[in-house]
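Student: Could you take me through one part of this structure slowly? I would like a close look at how two neighbouring pieces meet, and then a view of the wider setting.

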Protein chains: 2
Amino acid sequence: MNSTLEHLLPDAATHPTTLHQAMRYSLLGGGKRIRPLLCILVSEAAQGHGRDFALHAGCAIECVHTASLILDDLPSMDDAAMRRGRKTTHQEFGEATAILASIGLLNLAYGIIARHAATEPGVKAHALDVLCEAVGSKGMIAGQEIDLHERHRFSEARPIENLNWLKTGVLFVASAHIGALAAGLQPESVNAVKDFAKYVGLAFQTADDLIDQSGSVETIGKDVGQDDGVPTLVSLSGNEAARRSCEENLTYAQESLHRAQLQGAGLQALVDSIFGSKI
Amino acid sequence: MNSTLEHLLPDAATHPTTLHQAMRYSLLGGGKRIRPLLCILVSEAAQGHGRDFALHAGCAIECVHTASLILDDLPSMDDAAMRRGRKTTHQEFGEATAILASIGLLNLAYGIIARHAATEPGVKAHALDVLCEAVGSKGMIAGQEIDLHERHRFSEARPIENLNWLKTGVLFVASAHIGALAAGLQPESVNAVKDFAKYVGLAFQTADDLIDQSGSVETIGKDVGQDDGVPTLVSLSGNEAARRSCEENLTYAQESLHRAQLQGAGLQALVDSIFGSKI
């Protein structure tokens, strides 16, 4: 997948070079590639056609995810210095270029899907619709706005769960959904696969909160303690309850995967690899 | 068109309300709507089908244009206080919400096109491809990066013309192109219509530079003198030559429109209304 990502990006010598270097620095600087893997593995588990589209759509989703990380880190948002073990994009390239690189990646994502030649236009338009909904002002963008301006007031689990859904869940679900569209799955299987991704996403966000309050910048590669002073599921319910909620969500995920009736070994292996060391 | 724009935006009470208010403030706060008019009038001039798609795609293009204005005005970019006769979006809503509103509008644009139900998916995918190319890191985003980090070094007309092309021309051409796709024009007519839009865009940017160095904030509604100290076609060649170049481009535009063999009265009226008072 990394070679496809690299191939889809303009090379570093393309004018304006600083912009393209910033896009490459942000996208190719590591990351666990969980969302594209979800998209690709769902399409493979369906053993249908459309794997090349799932690979490209997965790369597009990683562009979206990276674009969101660049924004989250900006001085006017989380003001973070480290990400994926290196300086954040604005620290390395300046704020204006970081913002433009983020938008360049988001826009590239839509272009990758729109121009995938071998895929039926109806599938591409549907995939684009799903991705736009996930990113939009009632999806990830809402999540970031709420995180910045409302989260500090939260005193109950419900609004935090909703925030986790917007910040993490919607793109996990969109990744699996687009993989299912690529493979031409039947509606019941599509829904089961989306449920699977939802529960994996919820578990993932809780695990991330557990790490944020216990890890160090060396082991996790980004600023820690970013959540100091803002409520999380961990700060509200405590470590043990958060750990238990994480395990419950993983059980629900497994049940959903079973319901999807796919060759799900690859997806199960992905879940094991994400959570094996986390909880 | 304004009622369609208003209808396509989430209303101001949609959570998170500040984000949606910022999107509405930026998009519905005026503007000449030249790009959507280009898109709509091209499709009407072709007297074909696809007018509703051209209307929606035109609204999407206005979302893209507004998103670019919000970014241009940011503290890390032009640091402008006024736009369309009111405070810029970051002055009114804060920097983080302004950035998110800009991305929300860009993303909404793609969603509007992707989910237009009555249009053939192949036309939508083609239109999305055209729009992504125009916005992308070799299009408008490149233009903004070059404007911020390279323009101060320019001493010849050529790189400034290229910058004007990226900052204004590409979206003008994409607007006309998408209008032509909506109407199902033949390739020769599509090319002539794109040429028309290119020349109108070049004339428009030169006229804008003429105004920037002679207007006042009251008459044009945005910060003036933004170009002080950076080279423009006007500063390099002088008022008279810029005015002449503008008129030449309008002549080329008329010739291209004639070549497109459309019922071009609406498009000609648009050009007259844009430039009647400008040059």
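Tutor: In α13(A), the residues Leu250(A), Ala253(A) and Leu257(A) meet Leu267(A), Gln268(A), Val271(A) and Phe275(A) of α14(A). Here, contact means that two C-beta atoms, placed from the backbone, lie within 7 Å. Helices are DSSP runs of H or I with at least four residues, numbered from the N terminus. This is a predicted model, in which local features need pLDDT of at least 70 and side-chain atom pairs count only at pLDDT 80 or more, while totals for chains, interfaces and linings use all residues. Residues are numbered from 1 along each chain as its sequence is written, and chains are lettered from A and ligands numbered from 1 in the order in which they are written.

By class, the contact of α13(A) with α14(A) has 6 nonpolar residues, 1 polar and no charged. Ala, Val, Leu, Ile, Met, Phe, Trp, Tyr, Cys and Pro count as nonpolar, Asp, Glu, Lys and Arg as charged, and the others, Gly among them, as polar. α13(A) covers residues 239-260 and α14(A) covers residues 265-275; their axes come within 11 Å and cross at roughly 170 degrees. Such axes are lines fitted to C-alpha atoms, for helices over the stretch in contact, with angles from 0 to 180 degrees between N-to-C directions. The crossing makes α13(A) roughly antiparallel to α14(A), a term for angles over 145 degrees.

Now for the wider setting. The contact between the chains takes 44 residues from chain A and 44 residues from chain B. On the side of chain A that touches chain B, α2 (17-27), α6 (95-114), α7 (121-135) and α8 (140-149) each supply at least two residues. Of that side, α6(A) gives the most, with 13 residues. Sorted by class, the side of chain A that touches chain B has 23 nonpolar, 13 polar and 8 charged residues. Because 100% of the interface residues of chain A are also interface residues in chain B, the copies meet through the same surface.

How do the copies relate? A rotation of 180 degrees, with 0.0 Å of shift along its axis, superposes chain A on chain B (RMSD 0.0 Å). The two copies are thus related as by a two-fold rotation axis. In chain A, Pro121(A) has the C-alpha nearest the axis, 2.5 Å from it. The superposition is by least squares on the C-alpha atoms of residues with pLDDT of at least 70 in both copies.

Terms used: Parallel < 35°, antiparallel > 145°, perpendicular 65-115°, else oblique.
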